Amino acid sequence: AEDPEEEEKEITTRIIIYDHNKILDELLKMKSENYAAEPSLAWGSIHVVLQTKSLEELRNKFTELNVALRQIGVDEDKAFVDERLLIGEKLVQKNAIPLLVQYAKRGIPHTLRPSVYRKIMCFDSGEKCAHYFEKLQDHFTKWEMALDEVLRGDIKEFCNDDKFFIFEDTLSPIIYSFFRDPYVFGHCRVQPNKPFSAFTEKDQRVGYMPPAGVLPCDLFSRYAGPLLYMSDKPQDLYFIFRGIDIKYVSCLHSITSHPQGIISLAKLFEDLLQIYEPEVWFHMQKIGVSPLKIAFPWIFYMFVGFLEVDQILYLWDRIIGFDSLEILPILAASIFAFRAKLIQNCNTHEEIDEIFYDLYQLKVIPLIQHFLFATETTQIN
């Protein structure tokens, strides 16, 4: 068995390539020469010209989250859940991908979630995928990469958590395989970094190093964490994880003007909070606390590490269903709105930190619904 002191030393001295603070620092340095904010948004930290959606536009986009519609994650009546299960099972059997995406907008029952995620992420869990994953594992067995030391420390740090420590054996092959997978870089929705090319002794280019072409942020393993509660089979989880990474995580790690990129998401959070909770915004400015610095890691890590796993998966259902990361800054703003009175009673950074220290009791879908639709008159059906 490993010496606990040696293991602790390995974790504390692990290598970090970049983290969310580094990305945020870069965003805060960016300024557009022609930047001229709306007067009501002049106090924001993001000083680049980017169009963000209004509350009305967000309501139209996320209309299926209206409180008039019953939701998995809110309504746990057995008859409703059974009805949703029956509909979902039929769609899975028919391989009706567009309808499954629409189905995910109102949440997915937990027993059906692995099947729905697999279908939406467009992979067949048959022999072809099994063989592909086997090849990635074979590469790991035969070849050590310089990056493996970084990944090893990342996995151990993430698994040093009561909710995830039992999953290290399932998580490890997923993470090691991902960075050996040449499919990744060319299929990222947004390419997060310029890849490092690998060459032979004869100066012939043979691909990227690592083969995935992307580099891990600190606690990259977090993005696989909630999926570990869906299955104990690394092969099945790997392709779901890869799909989520190339469609969504790549946007969070890219400094780009893409509407799903981290800059746009950070700006949307600030715009929403300034317009719809101005008293909270200006009070925090008055006491010298940046709302974005609090909310940024929530958005960057898709709330993993900040909410209960079931709540994260309810949130991810909607990200996949609406094919949009905008729900992350909406949730972040809704948490500030939910705790508005407490915030306005704070006078120090320490008191603000205490308010947001533990978010584990929060229910994400009711918060989002209230923020988006509270001013509308609706009738529950």
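Analyst: A helix here is a DSSP run of H or I with at least four residues, and helices are numbered from the N terminus. The model is a predicted one. Helix 6 covers residues 113-120. After helix 6 comes C122, whose phi is positive, near 60°.

User: What makes helix 6 mostly covered?

Analyst: A residue is buried when its relative accessible area is under 20%. In helix 6, 6 of the 8 residues are buried. They are R113, P114, V116, Y117, R118 and I120. On that count, helix 6 is mostly covered.

User: Which helices do the buried residues of helix 6 pack against?

Analyst: Those residues pack against helix 4 (78-94), helix 5 (97-104), helix 11 and helix 15 (309-322).

User: Why are helix 7 and helix 11 called roughly perpendicular?

Analyst: Their axes come within 10 Å and cross at roughly 90°. Angles of 65 to 115 degrees count as roughly perpendicular, and the two helices are therefore given that name. On the helix 7 side, the contact is made by C129, A130, Y132, F133 and L136. Helix 11 contributes P234, Q235, Y238, F239 and R242.

User: How do you know that D154 has no salt bridge?

Analyst: D154 lies in helix 8 (residues 148-158) and is buried. Asp counts as negative and Arg as positive. A salt bridge needs a side-chain nitrogen of Lys or Arg within 4 Å of a carboxyl oxygen of Asp or Glu. The nearest side chain of opposite charge to D154 is R14, at 4.3 Å, and no salt bridge is found.

User: What makes R14 a contact of D154?

Analyst: Contact asks for heavy atoms within 4.5 Å. R14 is among the contacts of D154, along with C217, D218, L219, F220 and S221, with neighbours within four places in sequence left aside.

User: Where is F306, and which residues is F306 in contact with?

Analyst: F306 sits in the loop between helix 14 (291-300) and helix 15. Aside from neighbours within four places in sequence, F306 is in contact with R222, P297, W298, Y301, L359 and Y360.

How values were computed. Residues numbered from 1 in each chain as written. Predicted model: local features only at pLDDT ≥ 70, side-chain atom pairs only at ≥ 80, totals over all residues. Heavy atoms only, no water. Buried < 20%, exposed > 50% of the residue type's maximum accessible area, 1.4 Å probe, protein only. Axes fitted to C-alpha atoms, helices over the stretch in contact; angles between N-to-C directions. Parallel < 35°, antiparallel > 145°, perpendicular 65-115°, else oblique.
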